[in-house]
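Here's a quick briefing to read alongside the structure. Have the viewer open and follow along.

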Amino acid sequence: MLLQRHVTSLGSKWSVAQKNELLDRRRKLEARITTYEQRISVIIKSDDDTQWSVADGKIPDLDPQAGEASDDLSELLPDGWFTPEREQITLPSALAPGEIDRLSLKPIALIEAELRKGQVTDALEGLRLALGEKSLCFRTEVRNANSQRTTHRAWDNVHKLDAQARKCRSSYRQARRALQCLNIDPGYQATLHDITDHDLKVTGDITDERRFGQRTDTLPWFWRVGDGTDSSGPRMQECVYFCLPSCARMKELTDPPNPPLVYRVSWLRAKARFSRWSEELRLVELEMQWTVNWFRKKKEGWRKRLRDLEDEERPPGLDCYCHKQVVLWDSLANQAETRFSTLLGRPLFW
């Protein structure tokens with residue numbers, strides 16, 4: 001896979017040094033493949049009747065764009081050039097359906113399946129790390145770039161992390177295809193879905209704790225599978241998981257029990273945001289009650305003035321003014337309570 005990507009990155013015009021380097025890398029890869037075939041031939045004894053999953057002996061293109069580029073470049077090569085990076089090596093997953101049972105390779109197929117599961121886990125973990133670093137690079141480097149030099153440098157880092165994420169996706173697709181050919185553990189295979197280009201987009205849920213308005217947004221599926229307790233890297237070590245045993249709602253929402261750390265942090269941020277707005281709603285309701293109570297306090301204050309004044313000391317104008325203020329503040333209290341109760345959909349005072 002690495003050599004395929006290297007050939008694709010060379011472009012359509014090769015220098016003499018690039019051709020010599022490619023020839024040297026292909027010779028080394030061919031030597032490793034030859035050594036492997038000699039060792040595996042002792043374990044997997046194929047005959048002339050053995051059928052393979054791909055008739056031409058080449059690996060299917062895991063990345064369509066890379067495959068088309070490799071085909072175009074292969075036409076530019078001189079006659080006699082070998083392409084070991086496109087050859088299929090001998091593995092149980094490379095056999096046609098039914099050949100594993102015919103050759104009695106079930107134990108070896110089980111071993112390969114376990115290795116492929118580990119490859120899937122490593123690829124998804126590397127993909128999550130690359131996308132997390134890419135999101136952080138967008139936030140800390142691209143947004144803060146204030147010159148042409150820093151902008152180019154920031155985008156170079158973004159492209160580098162994007163290439164790393166696509167490399168992990170290619171590794172995942174290869175392992176997933178091998179598991180499908182082995183047809184072992186269908187329940188586990190049902191949890192593995194394809195990773196599209198849309199899933200590789202940068203999401204603000206990972207790095208932006210102030211992001212809001214994503215009530216209907218969800219992270220791609222690979223953020224919700226696997227065990228994140230073994231996540232490594234300087235960014236992932238900042239994530240800490242804490243949950244009370246009695247929190248049934250947390251157990252319900254975090255399925256499986258041990259989701260990746262990044263998805264836990266995203267959930268905890270959403271939970272904190274929900275709790276903060278729930279508290280704000282309760283404070284607004286209390287402020288409504290405080291407003292009505294303040295109007296009523298002003299009304300009682302004017303009534304107290306009426307009771308404190310003696311009849312001979314109270315002129316008619318002052319008496320009228322006090323009654324007017326009592327009616328005014330009582331009207332404001334009643335109107336506020338009615339409108340607040342309408343907005344809440346229930347009585348303001350229980």
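How many of the 350 residues of the chain, as a percentage, count as buried? The figure is 34%, where buried means under 20% relative accessible area, exposed means over 50%, and partly exposed is in between (1.4 Å probe, protein chains only). Keep in mind that this is a predicted model, so local features need pLDDT of at least 70 and side-chain atom pairs count only at pLDDT 80 or more, while totals for chains, interfaces and linings use all residues. Residues are numbered from 1 along each chain as its sequence is written, and side-chain values use heavy atoms, with hydrogens and water left out.

**Overall layout**

- The chain has 10 helices and 0 strands, where helices (H or I, at least four residues) and strands (E, at least two) are DSSP runs, numbered from the N terminus.
- Read from the N terminus, the order of elements is α-α-α-α-α-α-α-α-α-α.
- Take the contacts (heavy atoms within 4.5 Å) between residues at least 6 apart in sequence: 74% of them join residues at least 24 apart.

**Helix 1 against helix 2**

- Two packed helices are described by the angle between their axes and the distance between the axes.
- Helix 1 covers residues 2–9 and helix 2 covers residues 16–43; their axes come within 11 Å and cross at roughly 165 degrees. Axes here are lines fitted to C-alpha atoms, for helices over the stretch in contact, and angles run from 0 to 180 degrees between N-to-C directions.
- That makes helix 1 and helix 2 roughly antiparallel, on a scale where angles under 35 degrees count as roughly parallel, over 145 as roughly antiparallel, 65 to 115 as roughly perpendicular and the rest as oblique.
- The crossing of helix 1 and helix 2 is left-handed, meaning that the near helix is turned anticlockwise from the far one by less than a right angle (clockwise would be right-handed).
- On the helix 1 side, the contact is made by Leu-2, Leu-3, His-6 and Val-7, and helix 2 brings Glu-21, Leu-22, Arg-25, Arg-26 and Leu-29.
- Sorted by type, the residues of this contact between helix 1 and helix 2 are 5 nonpolar, 1 polar and 3 charged. Ala, Val, Leu, Ile, Met, Phe, Trp, Tyr, Cys and Pro count as nonpolar, Asp, Glu, Lys and Arg as charged, and the others, Gly among them, as polar.

**Helix 5 against helix 6**

- Helix 5 (residues 106–142) packs with helix 6 at an angle of about 160 degrees, and their axes are 8 Å apart.
- Helix 5 and helix 6 are therefore roughly antiparallel to each other, and their crossing is left-handed.
- The contact of helix 5 with helix 6 draws on 22 nonpolar, 6 polar and 7 charged residues.

- Most residues other than glycine have a negative phi.
- Asn-183 has a positive phi, near 55 degrees, though it isn't a glycine. Asn-183 sits in the loop between helix 6 (148–182) and helix 7 (186–190), and is exposed at a relative accessible area of 56%.
- Asp-185, another residue other than glycine, has a positive phi near 60 degrees. Asp-185 is also in the loop between helix 6 and helix 7, and is partly exposed at 32% relative accessible area.

- Ile-100 is in helix 4 (residues 99–102) and is buried, at 11% relative accessibility.
- Setting aside neighbours within four places in sequence, Ile-100 touches Pro-92, Leu-95, Leu-105, Lys-106, Ala-109 and Leu-182.
- Ile-100 and Ile-44 are 56 residues apart along the chain, with 9.9 Å between their C-alpha atoms.
- Thr-34, in helix 2, is partly exposed with a relative accessible area of 40%.
- Between the C-alpha atoms of Thr-34 and Ile-89 the separation is 9.5 Å, across 55 residues of chain.

**Cysteines**

- A search of the whole structure turns up 0 disulfides, a disulfide being a pair of cysteine sulfur atoms within 2.5 Å.
- Cys-168 is buried at a relative accessible area of 14%, whereas Cys-181 is partly exposed at 31%.
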